[in-house]
Structure formats: structure tokens, C-alpha cells
Amino acid sequence: METAREGYEPVIGLEVHAQLKTRTKIFCGCSTRFGAPPNTQVCPLCLGLPGVLPTLNARAVDFAAMVGLAVGAQVAGRSVFARKNYFYPDLPKGYQITQYDRPLCVGGSLTIRSGAGWKTVRLVRIHLEEDAGKSLHPEGREGVETTRVDLNRAGVPLIEIVSEPDLRSGAEATDYMARLRQLLVYLDVCDGNMEEGSLRCDANVSVRKKGASQLGTKTEIKNLNSFRFVDRAIAFEIDRQIGLLESGGRVAQETLLWSSERGVAETMRSKEEAHDYRYFPEPDLLPLDLSREWIESVRERIPELPHQLRERLVREQKIPEYDAEVLTDTRSLAGYYEEVAARSGQPKLASNWIMTEVNAVRNKSGLTIEEFPIRADRLGDMVRMVGEGKISGKIAKQLFELMLQDPASPAELIERHGLLPIDDEAALRALAKEIIAAHPGPAADFRAGKEKTFAFLVGQAMKQSRGRAHPEKLQQALRAVLAEER
Amino acid sequence: MSGTTVQESAESLGRSVGSGERSAVDVARSFLAQASRSATRLGTYLYRDEESILAAAAEIDARRKRGEALGALAGVPVAIKDNICVRGVPVTCGSRILERFRAPYDAHVIGRLRTADAILYGKTNCDEFAMGSSTENSAYQPSRNPWDLSRVPGGSSGGSAATVAAREAPLSLGSDTGGSVRQPAAFCGVVGLKPTYGAVSRYGLVAFASSLDQIGPLATSARDAALLFNAISGPDERDMTSRPETRPISLENLERGVRGLKIGIARELLGDGLDPEIRACFETVSKWLVAEGASVVDVALPHARYAIATYYLIAPAEASSNLARYDGVRYGLRVPAGDLREMYEATRGRGFGREVKRRILLGTYALSAGYYDAYYLRAQKVRTLIRRDFEEASRKTDALLMPVTPTPPFALGEKSEDPMAMYLNDIYSIPASLAGVPALSFPAGFTKGGLPIGLQLTGKPFDEETLLRIARAWEQKSDAARRLPPIAMEKAA
């Protein structure tokens with residue numbers, strides 16, 4: 001298999017559905033809040049009652065256009081809503097209002113990591129549509145199959161972002177997803193919460209012999225609702241297709257459903273069973289006309305994007321690109337970093353502390369940077385002390401632990417916990433004498449020329465001072481006392 | 001007293017209730033008494049609750065006694081086609097699939113009628129989901145023509161037209177997709193207006209073909225139709241296809257006569273299929289127009305001949321999608337069956353009648369992959385051509401005069417087995433629907449056999465006023481609008 005895989009090139013395109021963070025639904029005034037009891041955020045429109053009409057949420061259009069502009073897409077002066085017709089219990093009207101041949105945004109691209117470098121993934125389109133409800137299948141009694149429908153989600157605004165088949169591996173697909181998610185969160189148009197289904201992905205996968213110009217037959221895998229599933233499902237499907245071709249079989253064009261429990265993609269429907277959605281322009285909504293001025297006013301409101309922020313941090317703070325990438329994970333983390341860097345006057349040291357200590361605590365506790373107990377001003381003060389040599393890295397770590405528990409300023413905590421460094425010559429000489437007296441053997445060895453034991457004596461002195469001794473001055477004092485007492 | 005009350009205009013009823021000359025309860029009682037004599041025979045109503053009608057009338061009287069100013073339709077009963085939602089009241093659309101369904105909300109027009117202090121008078125019979133031209137497609141009962149009970153009242157708003165013709169109610173609302181207000185108005189000898197598309201909010205009108213549906217007033221005179229139009233029209237933010245250009249009609253302007261107006265006639269519409277008595281009536285009216293100082297000019301509607309074919313692609317296509325929601329899942333009829341698909345089939349199979357199924361099939365086919373371009377898309381292009389025909393014609397005219405129907409009212413059962421013959425009955429009403437322009441059916445005369453003849457006026461978008469002004473002038477010349485059908489003159493037992 002390993003060698004067979006070498007001879008093939010996977011070709012992957014993603015269709016990502018992102019829920020827009022509007023307060024109300026796309027075609028009515030119901031709340032979009034997640035997690036409410038079933039069917040409590042519904043109105044006659046959500047229920048598809050006779051006689052109701054959709055009214056378009058301008059905020060959703062604004063958000064979708066902003067995403068389009070942020071990826072360099074063309075925002076259409078006129079786009080058209082269409083009905084996608086199919087029967088399903090969680091689709092109240094028997095059709096979904098979406099956009100078909102005239103989407104809101106056309107083109108654009110997203111830059112992703114590819115191996116050690118970067119690559120551009122082209123986008124086909126971004127369009128607006130409504131979400132469907134949710135079908136739940138609780139255990140019926142005595143094997144009776146029941147389905148329950150929750151329509152709270154029906155009518156939540158979605159954008160569908162369709163990529164060209166420019167991706168070549170599960171890893172690229174995952175990075176594409178992650179960067180798309182990051183962009184949407186930066187734009188503040190999607191909460192990016194994959195567990196709650198705010199971002200969902202379908203993947204079109206095919207393989208072809210390396211060097212071939214023609215695309216292979218593709219399959220569509222649905223229901224990839226986490227980065228891990230995207231990666232695993234695509235890897236599974238690539239292997240399956242190569243396996244088929246290698247054993248002389250053919251890939252059938254079909255729709256697959258990813259089962260995360262079993263780690264396999266299973267046939268949902270074949271090409272023959274594919275729906276005919278009978279798209280036609282939605283007569284209840286007029287074509288969506290957007291003026292150039294309006295589109296430009298949206299462009300003006302686009303905040304700094306992840307790559308722009310990353311480049312700026314490298315430029316202004318002179319930190320490595322890697323650091324900038326980690327620190328721009330979210331806009332608020334970057335903001336936190338900038339504050340710590342400014343307050344401490346130590347951009348690189350600030351970066352080190354955030355990437356290691358701060359992120360270690362956050363990863364373990366799951367805290368966002370907003371929830372992190374050490375605010376940027378306190379961390380900035382601490383980093384400044386480290387940078388100015390007022391406290392050692394070791395003391396700083398103790399101080400950091402205290403700061404996690406106690407909101408007092410670093411200076412106060414140093415005072416209260418006696419963490420002030422010992423750099424007074426007399427005190428250090430006294431400490432050196434005490435250590436040499438306590439360890440006559442190693443002291444004698446040193447004097448006999450065994451340089452190695454010096455490090456042991458330094459360590460003991462540091463331990464005795466609980467790390468407070470000024471490292472260089474301590475060493476000077478030790479050498480002086482050892483020389484005097486020879 | 002009821003004998004005269006029910007013959008009064010809605011305008012005068014509203015004014016006298018508003019001023020306290022007459023009580024709303026008396027008005028309601030008069031019409032209820034009239035309806036009690038004829039409604040069952042005419043099959044005009046699917047729902048009418050006397051108690052709530054009288055209670056609403058009593059409330060109007062109480063408010064007047066408290067010194068409140070009342071709306072233009074104070075105490076005036078308005079019958080509502082049963083495809084318009086009234087909060088807490090059944091809305092069946094003449095279909096079994098909504099047999100026990102009650103609307104949980106008011107349509108926009110209903111809210112406006114409440115504001116005007118009208119009395120919501122009950123739900124009138126109609127062809128199932130407004131699909132039909134005879135009201136024989138109602139799943140509950142056929143309606144009958146008040147002028148001849150063996151004949152149809154037209155459709156789909158047959159109940160709304162017949163009840164006003166029989167003076168069971170002074171006003172009613174219908175809905176018009178391809179002629180469903182105008183054709184029954186013509187068959188029953190009343191005024192029926194299809195407003196400009198977008199003039200009246202469709203919010204709360206159960207959709208048949210969304211790009212064509214309009215709610216319209218039916219009345220016994222042009223002035224009353226204007227009064228009801230004014231009450232229900234105007235933009236509504238809940239209907240994105242409703243238009244801000246909508247203007248109220250000035251009742252004063254309706255009295256200005258036809259002098260100086262330019263009336264267009266499309267001679268190609270007056271061909272072979274037209275009944276000679278209707279043609280004669282048409283000629284009488286056009287001669288009168290000239291005599292009154294209007295000018296009559298020839299116009300061409302070259303694409304009108306494709307209107308029926310176009311309509312029977314677009315309307316069923318939209319209907320096939322609009323009626324998908326009746327699936328037995330959330331409300332209305334559910335016929336339990338094995339699995340989900342079988343439940344859908346059993347529910348829709350039993351819930352929908354033959355004509356509705358026929359149109360769902362037509363529309364589904366027209367929208368299918370591989371057929372869409374040849375049917376739906378082509379039909380939309382022809383629709384644009386038809387709209388342009390009207391635009392072109394309106395450049396040199398104020399209104400067009402044409403028939404509403406090719407024949408006078410036909411007998412029950414005469415066409416119910418022949419859908420094509422039934423569809424052809426809409427040949428004159430459909431073009432204006434496709435063009436989205438206002439169109440009025442007004443009582444123009446009678447056949448020798450005593451059946452009403454209506455003629456149609458179409459106009460410029462949002463110029464309903466000119467159409468009603470012409471009809472108003474004709475009312476002063478002809479007694480066609482004032483004649484009462486025999487059933488309305490029967491004495492109380």
C-alpha cells in the first residue's frame with residue numbers, strides 16, 4: 001500500500017458550511033442561540049406554516065459579503081436566492097432557501113501551509129443559505145423507531161464556502177479548515193465552535209496517477225465535523241480509492257457518510273439515487289442588489305486579518321515568524337501579546353513566556369486568553385523584571401505560579417513571599433561560607449583542582465537561597481571565599 | 001329592514017355605523033339573516049361563526065359609544081377566502097390536507113381589516129389551494145352561481161364572488177393567481193380587482209404560485225372595491241415582494257368620468273373562441289367609451305397567445321414547491337404508514353385532490369433536471385415578453401379593455417373532467433397576471449338568458465384607480481352592477 005500510494009495524487013475540494021453569528025435567523029426574528037430546549041426558538045416561519053414569507057436578515061448579507069471581501073472574492077452586485085427542493089422531516093418547507101447559479105461571492109482564495117511552505121487554495125464561491133433543523137433518533141421502546149425533530153436550528157444563517165480541488169492531502173485539508181475557521185473568527189462572523197456544529201465540512205475526494213491531467217472519479221464525504229475527522233476521513237477515502245484502483249476496480253461516484261465511531265466512510269447514496277433538487281429562483285425574495293458603495297463600506301470595516309497581523313508582529317516586534325503564527329492564533333491572544341510586549345519592553349521574552357508558560361496553563365485548563373487569570377499588565381511587569389535581570393528565570397517561574405492564584409501585582413507578591421533576589425555582597429559571602437562549611441569534601445576537592453564540584457556548590461547555594469541568589473554574584477562570592485580559605 | 005340593509009353599499013354601511021346612525025350588530029344580523037337563506041344552497045362558506053361575528057359587531061358598537069373614532073369599514077362584514085389566515089380560525093384552502101388546521105396568526109390583510117374596524121365574516125369556499133376556475137375542486141363542496149344554481153360561480157374565489165353577488169356579505173376578499181378573483185366576479189356579476197403584483201402584502205395568504213398570487217377585493221360597486229383595496233393595500237415589511245409605490249385610490253377621482261382617457265383594444269384577443277353575446281357587450285362598452293369622450297386605440301399583445309402555456313409551467317412549478325410543506329410531519333393531515341416515505345405518500349395521496357396532484361406533477365416535471373431550460377426557463381422568458389407587450393401598450397393608453405372569460409358561466413360538471421377546457425377559460429385573465437399589472441373585472445351586462453357578463457380592464461402598474469374610475473362611469477350608465485340575482489330577493493320564510 002505504502003508504495004502504491006506513492007504513485008497517486010489525491011485531489012480534494014472542500015465545501016464548508018459556517019453558521020453566521022447573527023442574533024436572529026436569516027429569514028425571521030427568532031433567536032439563533034445554541035442549546036435552548038427543542039422547538040423553543042421557532043415561529044410560524046420556522047415551522048413552515050401556510051402563508052408565511054421570508055424576510056432577509058441584512059446582517060447575514062453583511063457578514064457573508066465581508067467574508068467574501070476578506071478572501072478576495074468578487075461580491076456580486078446582484079445575486080439570486082433559489083429553492084432547493086427535497087423532502088425531509090427537518091426541512092419544514094420542503095425546500096431550502098439557498099443560492100444557486102448566482103451566488104453572493106465568486107472566486108477568492110485562502111493561503112495555507114503546505115509542507116514547509118505556503119500554497120494558495122482557490123475558492124469557487126461563497127453563498128448564503130438557511131440551515132435545516134435537526135433530526136434526533138432516540139431509542140424507541142421495544143425497537144419502535146422514532147424520529148424527533150428540533151427546529152431551533154432551522155433558519156440559522158449559513159454561508160457555504162466551496163473550494164477548488166486544490167488540496168492534495170488530509171493535512172492540507174485540515175490546515176485549510178483551521179485557517180478558514182481562524183479567518184471567520186477574526187472577522188467575528190462565526191463563533192467557530194465545531195462541537196456545536198457552527199462549522200461543518202463535506203469533502204470531495206478523488207485520486208489520479210501522478211502526472212495525469214484528467215481528474216479521477218470523485219466521491220463526496222459528508223459529516224466531517226472536526227479537524228480530526230477531516231484528516232481521518234480523507235486519509236481513509238484516499239486509501240480506499242487507491243486500493244480499489246490497484247486491485248483493478250473502479251471508483252463509483254457516490255455520496256459517503258463518515259462514521260466517526262467506526263472510522264469508516266459508508267455509502268449514503270449512489271449517483272443513480274442522487275436527488276434532483278429542482279432548483280429555481282425563490283419567488284418570495286427579490287434578487288439581492290448591492291451597490292458598489294455598500295460593498296465598499298463593508299470592505300472598510302474588515303478588521304486586520306490573521307496574515308496581516310502575523311506580518312505586522314514580525315515587522316514591529318522583530319519576533320520570528322513561528323512566534324507570530326502562534327501568537328496570532330486568535331486576535332485576542334495577539335492583543336494580549338502586544339500589551340505584554342509593550343509593557344515589558346521585551347518583545348521576544350514576552351513571546352517566549354506566552355508561547356510556553358501561558359499556553360501550557362491554558363492548554364491544560366482550557367481557558368481562553370480572556371479567561372486567563374494573569375492579565376497582560378501583570379505579566380508585562382513580570383517579564384520586564386526578568387528582562388532587566390531583577391529576578392532570575394527561576395524566581396520568575398515561582399512568581400508566575402503565585403500570580404495564577406493571587407491577583408496582586410508581581411512586586412507585591414515578591415515582597416510578600418520573600419522572593420527578592422539576594423545580590424548584596426556581604427549576604428552572598430555569608431551564604432558561600434555557610435555552604436562551604438556544610439560541604440567540606442566538595443570544597444576540598446575544588447581546591448584540589450576538581451572544577452566540576454563548583455557547580456555542585458553553586459547548586460547547593462541556590463537551593464539554600466530558594467533560587468533568590470543572584471547567579472553571577474553568587475559565583476563570584478563562592479570563588480572568592482574558596483580562594484580565601486585555601 | 002334587512003332587505004334594504006343588505007343592498008346598501010359598504011361605503012354607506014361603514015359611514016352610518018361610524019356615525020352611530022346604525023348599529024354594527026344590526027348590520028351583522030341583516031347579512032347573517034340573508035346568508036341563512038342562501039349560503040347552504042350556494043355553498044359559499046366553509047366556516048362562519050355567528051356568535052363571534054355578533055360579538056365583534058357588539059364590540060364595534062361599544063367602542064363607538066365610548067366615543068372612539070372608527071375606521072372606514074366600521075361594522076362592515078368582509079368575507080374571507082379560505083386561503084387567507086385569520087388567527088384562531090380554520091384555514092383549509094378547500095383541501096383535506098388542512099382539514100383541522102387553524103391559523104395561529106393573522107394575515108397582513110386581516111390585521112389591516114381589524115384596523116379598519118371591519119367585521120371578519122367567515123371563510124369562503126374555493127378551489128383546492130386556489131387551483132381551478134369553477135370552485136368544483138373544493139374538497140368539501142362545490143359553490144353555485146347565484147344567478148343560476150345549476151352553474152358554477154367561477155373560481156377559484158367562487159365562494160367570495162357568489163356571497164357578495166347574493167348580498168350575503170357586502171364585501172369579500174379573494175386571491176387571484178391567473179384570474180381567480182376576476183373570473184368569478186365576471187360569472188357572478190360583481191366587481192373584482194386583481195391589484196398590481198406587490199400592491200397588497202401576501203403575508204398570510206397560503207401560497208399557490210408566489211410570483212403571481214395577489215389578494216384582491218370583491219364588491220358590488222367600483223367605489224366599494226376601492227374602499228376595500230385602500231384598507232388592505234400598501235407596503236408590508238413582512239413581504240419582500242410588496243412595493244412602496246402602492247397608492248391609495250381617491251374615491252373622489254373615481255367620479256371624473258372617462259373623458260380624455262385612452263383605451264386600448266387588442267383585436268387579436270377577440271377571435272373565434274369568444275362567445276357572441278360577450279363580444280356584443282364588449283362592442284357596446286367600447287362604443288360607449290367613445291361616446292363619452294374617451295379615445296379607443298388598437299394595441300398589440302403579440303405574446304398573449306402564449307400566456308396559457310407559460311402560466312401552466314410557471315404556476316405549477318412554484319406550486320409544486322409551495323405545497324411540499326404539506327407532508328404530515330408538523331401539522332395538518334397525517335396518514336400513518338410504514339416508513340417515512342410511505343407516510344409522505346399516504347398523506348399527500350389522500351390529502352390532495354386530483355387537480356392539485358396534476359399541477360404538482362406538472363410543476364415537478366417542468367423543474368426537473370434536463371427539462372428546466374426547455375420549460376421553466378423558457379416560460380420565464382416568454383413571461384418577460386408578455387410583460388413588455390403590456391408596457392408597450394401602456395405607453396399610448398391608460399387602460400386596455402378585454403373580455404374576462406370566453407364564455408358566460410358554464411354548468412357544474414361541464415368541464416370538470418376536461419382540464420384543458422377548464423384551463424382555456426383563463427385565456428383572457430392570465431396575461432395580466434403574468435405581466436403583474438392591475439386588472440379589474442366589472443359587471444358589463446347580461447346574456448339574454450340572464451347570466452352576468454363581465455369585462456376586464458388592465459392598467460399601468462399601481463394605477464388601480466383609473467380602472468375603477470372607468471368601471472364607476474359604466475355603473476352610472478348601466479344597471480348591470482345593480483341587478484340582484486333571484487336568490488338574493490327571496491323573502492324570509
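Analyst: Two strands pair if DSSP finds at least two bridges between them; strands (E, at least two residues) and helices (H or I, at least four) are DSSP runs, numbered from the N terminus. This is a predicted model, in which local features need pLDDT of at least 70 and side-chain atom pairs count only at pLDDT 80 or more, while totals for chains, interfaces and linings use all residues. Residues are numbered from 1 along each chain as its sequence is written, and chains are lettered from A and ligands numbered from 1 in the order in which they are written.

User: How do you know that strand β14 and strand β15 of chain A pair?

Analyst: β14 (residues 254–259) and β15 (residues 264–270) of chain A are joined by six bridges, in the antiparallel sense, and the criterion asks for at least two. Within this pair, A:Leu256 faces A:Thr267 of β15(A). Four residues lie between the strands of this hairpin, where A:Gly263 has a positive phi near 70°.

User: What makes β5 and β16 of chain A edge strands?

Analyst: An open sheet of three strands runs in the order β5-β4-β16 (chain A), with antiparallel pairing. β5 (95–99) and β16 (280–281) each pair on one side only, and they are thus its edges. Between β4 (residues 81–85) and β16(A) there are two bridges, and A:Ala82 stands opposite A:Pro281.

User: What makes chain B as compact as a globular protein of that length?

Analyst: The radius of gyration is taken over C-alpha atoms, and the globule rule is 2.2 Å times the number of residues to the power 0.38. For the 493 residues of chain B the rule gives 23 Å, and the chain has 21 Å, which is close to it; chain B is therefore as compact as a globular protein of that length. The C-alpha trace of chain B spans about 65 × 55 × 45 Å along its principal axes, and its secondary structure comprises 16 helices and 11 strands.

User: What does the radius of gyration of chain A show beside that of a compact globule of 486 residues?

Analyst: Such a globule would have a value near 23 Å, but chain A has 31 Å. The C-alpha trace of chain A spans about 100 × 55 × 55 Å. Chain A contains 16 helices and 17 strands, and 39% of its 486 residues are buried.

User: Why is B:Ile430 called buried?

Analyst: A residue is buried if 20 or more other C-beta atoms lie within 10 Å of its own, exposed if 12 or fewer, and partly exposed in between, with C-beta atoms placed from the backbone. B:Ile430 has 23 such atoms within 10 Å, so it is buried. This residue belongs to helix α15 (residues 430–435) of chain B. In chain B, 62% of the 493 residues count as buried.

User: Which residues is B:Ile430 in contact with, leaving aside its neighbours within four places in sequence?

Analyst: Two residues are in contact if their C-beta atoms lie within 7 Å. B:Ile430 meets B:Gly178, B:Gly179, B:Ala307, B:Ile308 and B:Tyr311 in this way. B:Tyr312 is 118 residues from B:Ile430 in sequence, yet 9.9 Å from it in space, C-alpha to C-alpha.

User: Why are α10(B) and α12(B) called roughly perpendicular?

Analyst: Angles of 65 to 115 degrees count as roughly perpendicular, under 35 as roughly parallel, over 145 as roughly antiparallel, and the rest as oblique. Helix α10 (residues 307–322) and helix α12 (residues 354–367) of chain B pack at about 100°, with axes 7 Å apart; the two helices are therefore roughly perpendicular. By class, their contact has nine nonpolar, three polar and two charged residues. Among the residues that meet are B:Tyr312 and B:Leu313 in α10(B), and B:Arg359 and B:Ile360 in α12(B).

User: What makes helix α6 of chain B mostly covered?

Analyst: Eight of the eight residues of α6 (residues 158–165) are buried, including B:Gly158, B:Ala161 and B:Val164. After α6(B) comes B:Arg167, with a positive phi near 60°.

User: What is the order of the 11 strands in the open sheet of chain B?

Analyst: The order is β1-β3-β2-β4-β6-β5-β10-β11-β9-β7-β8 (chain B), and the pairing is mixed. β1 (45–47) and β8 (295–298) are the edge strands, each pairing on one side only. The twist from one strand to the next averages 35°. β1(B) pairs with β3 (residues 119–124) over two bridges, in the antiparallel sense, and B:Tyr47 stands opposite B:Lys123.

User: How many residues does the contact take from chain A and from chain B?

Analyst: Chain A gives 24 residues and chain B gives 34 residues. On the side of chain A there are 14 nonpolar, five polar and five charged residues. Here Ala, Val, Leu, Ile, Met, Phe, Trp, Tyr, Cys and Pro count as nonpolar, Asp, Glu, Lys and Arg as charged, and the others, Gly among them, as polar.

Methods. Axes fitted to C-alpha atoms, helices over the stretch in contact; angles between N-to-C directions.
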